[in-house]
Amino acid sequence: MFLNQMPRYEILSADAMATLDRGWRRIVSEIGVEFMSPRALELFRKAGMKVEENNVLFDPEFLLEQVAKAPREFDVQARNPANTVHIGGDHMAFGAVYGSPFVREGDVRRDATLDDFHRFCKLSQVFGEMDSAGGVVCEPGDAPLDSRHLDMVYALQTLTDKIYMGNVVSGPNAADTIAMTRILLGDIETVPATISLINCNSPLRWDDRMLDAQFEYSAANQPVVLTPFLLMGAMSPVSVPATLVQQIAEALTGIALSQLIRPGCPVIFGSFLSNIDMQSGSPCFGTPESAVGLLCTGQIARRFGLPWRSGGALTSSQTADAQAGYEALMTMLPTFLAGANWVMHTAGWLEGGLVSGFEKFVMDVEILRMLQHEFTPLEITEESLAFDAHAEVGHGGHFLGAAHTMERFRTCFYRPLLSSSDNYERWMRRGAKDAAARATEIYRAKLQEYEPPPLDDAIREELRDYVTRRRRELGD
Amino acid sequence: MFLNQMPRYEILSADAMATLDRGWRRIVSEIGVEFMSPRALELFRKAGMKVEENNVLFDPEFLLEQVAKAPREFDVQARNPANTVHIGGDHMAFGAVYGSPFVREGDVRRDATLDDFHRFCKLSQVFGEMDSAGGVVCEPGDAPLDSRHLDMVYALQTLTDKIYMGNVVSGPNAADTIAMTRILLGDIETVPATISLINCNSPLRWDDRMLDAQFEYSAANQPVVLTPFLLMGAMSPVSVPATLVQQIAEALTGIALSQLIRPGCPVIFGSFLSNIDMQSGSPCFGTPESAVGLLCTGQIARRFGLPWRSGGALTSSQTADAQAGYEALMTMLPTFLAGANWVMHTAGWLEGGLVSGFEKFVMDVEILRMLQHEFTPLEITEESLAFDAHAEVGHGGHFLGAAHTMERFRTCFYRPLLSSSDNYERWMRRGAKDAAARATEIYRAKLQEYEPPPLDDAIREELRDYVTRRRRELGD
Amino acid sequence: MTEQEILQGLYDRTLVGDAPAVLDLTDQGLAAGLAPETMLFEALIPALEEVGARFERGDFFVPEMLIAGRAMAGAMEVLRPLLAQTGAASLGRFLMGTVKGDVHDIGKNLVNIMLEGAGFEVIDLGVQVAPERFVAAIREHRPDIVGFSAFLTTTMPMFKANINALEKAGLRDQVIVMVGGAPVTQEYADAVGADGYAADASTAVRRAKELLAGRRAVAGTPS
Amino acid sequence: MTEQEILQGLYDRTLVGDAPAVLDLTDQGLAAGLAPETMLFEALIPALEEVGARFERGDFFVPEMLIAGRAMAGAMEVLRPLLAQTGAASLGRFLMGTVKGDVHDIGKNLVNIMLEGAGFEVIDLGVQVAPERFVAAIREHRPDIVGFSAFLTTTMPMFKANINALEKAGLRDQVIVMVGGAPVTQEYADAVGADGYAADASTAVRRAKELLAGRRAVAGTPS
């Protein structure tokens, strides 16, 4: 858990905010948003909205009322209380990459396996800066299809003692996640225990499977992240302001649904805003547009008084190269400037989210640690001015041995995990390893360090029984 | 020239500012600053300061009076008027790496040559985002030592038509730079034409050679950047606030000297703040501390109403790898957030400034372009909300063919120079080149594109004569 | 205008996606007695091949492909009935859909744009298309090729389900099956028994043409 | 305390840079009749070798080297006169300076710290040291090794100027010349005729010891 006490960087003027405000109101009231779920349509109809086939035309004030019901901040409990996370306010929580079908280790790119999934869980457990392994850290292609969500939840529950994300592929899968979480933690209604990602099928349509999962989670008081996933040019117009109003329209309508399902249930305003390359049609990540969108979104979410999700170490790059480095930071630094509360894809994301990279994971943890250091406010007091050190060293001397230095030298500066400041000869002597090669060594060493967090045998047994029983029922 | 119209990110409270203000006042008045130049000491003595041997104890109010004489903003003329640069206000100007004795091309690191110097000049000319090749883009080790400054100035003047930096190794070298600039441009007093970098021999000492150069340039009304180069732990205490007050003390005393030499002459508040690795003693760049220092410095320089220099694509990395990517951006993004007016080391910096890298140059230009795009304010108007596009596409469609897209698709998004968003198969088909390998291709292609900017033959002749004559006089 | 000028005009206007002009020139061509085949094979298809080439080179952007495709489609509205009479068909008919359980359609839309651009007649069933709908649509439209798009590893198994459904319906031999989508690989395509796979839209067009040529060569039909 | 305890204490306290304790233990050792050589070679120098090793491994930080060196230097103040009587010297005497025209001294200071840590007696002339000052200081202090540090390619030629001055003064053969600084390379060191080069402080100590051992072996002095 990181508490970001630095100022937020806000770039929208009051006028701009007012314009955006008019914009989303027009979209929801004049164009409307489609919900591919009879249950959802029924709830909206009952609430007095105008429903035409699958399309709902909203009264903007109604949406604001629903939004006002959602909690501003809430806790999500982990089985190790020290890892319980607070979502909202100045808090920032970080989860690993989510959803990639492939993995990359060094020069090899291949289908992801359950073993990879386990190793990423272990890395997320070992690095203290990570608050969660996320959910689908990679898609374990070798696990049986209809029941692999059980394997994933079981792995997240046993290999880490941090919070984890729920499965959203279908309503029943969501129910399994909830059931297994109950086995692990008992009461999960008072303090929720698993966050789930519900993506909008933009533009302006919420899809049936996602909605089924949302019904399960919201009814069980588990937080859902309602994310318009907007690649400008494909799912939204080629304009950041237009995309922002679409994002508000989609997120608020999704949030309103949660509040109708269970008033007061926790929700997170999601944002994932980037663009496609208009030449080739490929999605681009770590772009300037995306950074600007992120800064604006933070300001907007705060305006609605909602916790929000965005950011991540995103990149289009295929390997852990320089592009991966600058693109990852191009999104992560604005993530801190804007103070996102829940950050997915913090570590390991490569190739537009198609690949989870082991080296990239280490690189991203380094970036995360640097930013957490950078966004810890300076203490500026008389004492911090170290006048005595200046007086002691005087003119043209050096501070290596000053009393002030002696008291602080171990902790005074950020100490890198991956970055090297070796001089050239030493670097050559050590094998001239670039950052990616050093990252390989680091993640292997970290996997050696891993120790499974203790878990009550009875609970483990019960979880295993549940998995076995459900797998049989699902016919895998 | 880039105009940064985004808000500045300021992190110092009024209280913190007041504390820092008390801090530098104590240093200049109780500890003092050494000037290793009888001429400088004489000027300060005449101005009523207390001079003890080489040390000057200052009245803080006197310093503020001198600072008030310096212009807030000024132009620096280039021989191509389109490349004339404005220093100060919301303007940001960018020069290439400065001072490296080595160069790196791909896997080869070697002593820099005059040919390398020429090639970096050409790259700086070709990339429109660069406002200057800087000064010593690399140190041409194969050019005769005592007269190589002539080769460098001549190359900057003829291979580029942008502004350039002056030589500061000695007073006579500075005089040569000024003389050659007069030949190129005629009157350079009304609008100055070359910026020079004067580094403080921190802590709290200004060195004789640097001061000799400063006397030449300030007397000729050419801007000098007075830079306390502070590596915390070595040249300043291991505390950012302590380093900030030392930086103010050093910069203001240097600026005061310029104003005594020639009241009203242009100066730039310089800052170069990072830390050493307390374990090995190596300098570190692209660190969180350095980013925080940069944000604070911008706020401080604006407080004194001075244009300021900082930033750059700094890194400790030995190659153009992921570390080089994230460290470069870790300094460049705050450079934009803080709005530095003159940015050295924008492109090509590697290995703590010991190496100028060709691949790194391309990478840094990409980062610069992305940031210039990112820091161009959004137009948020009704029209930008593209309501008609939403109405046209409706629910679940795509915007690839919307009328709004059709009008804008070529220019709507940032188009990368180096970054790739190729899908995996295409990337493999194209040779699986990482960012560094692609950068090699790009800088070679750009050198092919280079065309020398036209220059009057008579002027070229006169410059060549000057170089020949002075080289003979210097005995090289 | 001479015939040559009309063909040149058709080529030029299709290249820049000027639909009204293309339609107009098509009418003029017919009035001037130009054969529909001539216009199709000597102006429209070459124009779209050039569009594809420019896209590949990075000169043309996706929306430009799209409008060129639309311009050609406009002309085809007029020409198709006439071509049907003379027996000359379009390049081929392609039935496309994103598989059941999957709503990703950006990649599929791009493939459609390029296929139309190349002269295919494309019928798009949209997203979340169940095996039965594929079967029914194949019965109705008799496509040469059917394409399945999937972007989730969890929906890729629908390729196999679709192919099984085709086999049960006795249609498997009558169509070429192509598959694609970001997580799909050549190995996976082979494993489920698809006839073709492509990693991006331009390769998809190339593969579609090759597969069609191969099929027609076997069937002895003139290509 | 037994002698063993005193030596162990000296080693331990030097390792952590506890100067007052080291001084105290040195006095106790002398009072207990321990030979200065014993204390030097069995406690102080091993302690500093361990400090160097830990620094190399990345365990120890620069300031820790510095205080360990200072603790040892305190003990040497007391022991040096006694050692001189018995004829046992320090490891060697090292004269160090940054060359004329150059003010970079961080690197040089680090080398000094490590040399002192390793048991050398270091005399530092500071920065901007002209050839004449090097010559005068060599005459005065008779060092075993002289070190030139330069960080600017424009001041590296001072290495050659300094060596020429030593030759003119007839001192070149009496000292080992080492050079260093960020832009300096082994090739450059060879080209100007220096005896040794090192890229960082710990290598500098190793090279200094090797060169000294070599020189003494040639001179037939016991190492």
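The legends below describe close-up views of a predicted model.

Residues are numbered from 1 along each chain as its sequence is written, and chains are lettered from A, with ligands numbered from 1, in the order in which they are written.

**View 1. Chain B meets chain A.**
Five pairs of chains touch, and the pair A and B has the most contacts (contact means heavy atoms within 4.5 Å). Chain B gives 120 residues and chain A gives 120 residues. Together they bury about 9400 Å², with 69% of it on carbon and sulfur atoms. Buried area is the accessible area (1.4 Å probe) that two parts lose on being put together, summed over both. On the side of chain B, Tyr326(B), His395(B) and Phe413(B) supply 9% of the area buried against chain A, more than any other three residues.

One salt bridge joins the side chains of Glu382(A) and Arg22(B), at 2.8 Å from N to O. Helix α10 (residues 322-338) of chain B gives ten residues to the side that touches chain A, the most of any element. Helices (H or I, at least four residues) and strands (E, at least two) are DSSP runs, numbered from the N terminus. By class, this side of chain B has 60 nonpolar, 36 polar and 24 charged residues. Ala, Val, Leu, Ile, Met, Phe, Trp, Tyr, Cys and Pro count as nonpolar, Asp, Glu, Lys and Arg as charged, and the others, Gly among them, as polar.

**View 2. Chain D meets chain B.**
Here 18 residues of chain D meet 17 residues of chain B. The two chains bury about 1500 Å² between them, 66% of it on carbon and sulfur atoms. Ile106(D), Thr153(D) and Thr154(D) lose the most area in chain D, together 31% of what that side buries. On the chain D side, α4 (62-86) and α5 (106-117) are the elements that give two or more residues. That side has eleven nonpolar, six polar and one charged residues. Chain D does not touch chain C; their nearest C-alpha atoms are 44 Å apart.

**View 3. The parallel sheet of chain D.**
Five strands form an open sheet in the order β2-β1-β3-β4-β5, with parallel pairing. Strands β2 (120-124) and β5 (196-197) of chain D each have a single partner strand, so one side of each is left without a neighbour in the sheet. Two strands pair if DSSP finds at least two bridges between them. Strands β1 (residues 92-98) and β3 (residues 145-149) of chain D pair over five bridges. Met96(D) has Gly147(D) in β3(D) as its bridge partner. Helix α6 (residues 131-141) of chain D lies across β1, β2 and β3, at about 165° to β1(D). Helix α7 (residues 157-168) of chain D lies across β3 and β4 (176-180), at about 150° to β3(D). Axes are lines fitted to C-alpha atoms, for helices over the stretch in contact, and angles run from 0 to 180 degrees between N-to-C directions.

**View 4. The mixed sheet of chain B.**
Four strands form an open sheet in the order β9-β8-β20-β19, with mixed pairing. Strands β9 (108-111) and β19 (349-350) of chain B are the edges. Strand β8 (residues 102-105) of chain B pairs with β9(B) in the antiparallel sense over four bridges. Glu105(B) stands opposite Val108(B), and Val103(B) has Arg110(B) as its bridge partner. Two residues lie between the strands of this hairpin, where Gly106(B) takes a positive phi near 55°.

**View 5. Backbone details in loops.**
Most residues other than glycine have a negative phi, and most peptide bonds are trans. The bond from Ser202(A) to Pro203(A) is cis, with omega near 0°. Pro203(A) sits in the loop between β11 (194-200) and β12 (205-206) of chain A. Glu53(A) is not a glycine, yet has a positive phi of about 50°.

Note on methods:
This is a predicted model: local features need pLDDT of at least 70, side-chain atom pairs count only at pLDDT 80 or more; totals for chains, interfaces and linings use all residues. Side-chain values use heavy atoms; hydrogens and water are left out. A salt bridge is a side-chain nitrogen of Lys or Arg within 4 Å of a carboxyl oxygen of Asp or Glu.
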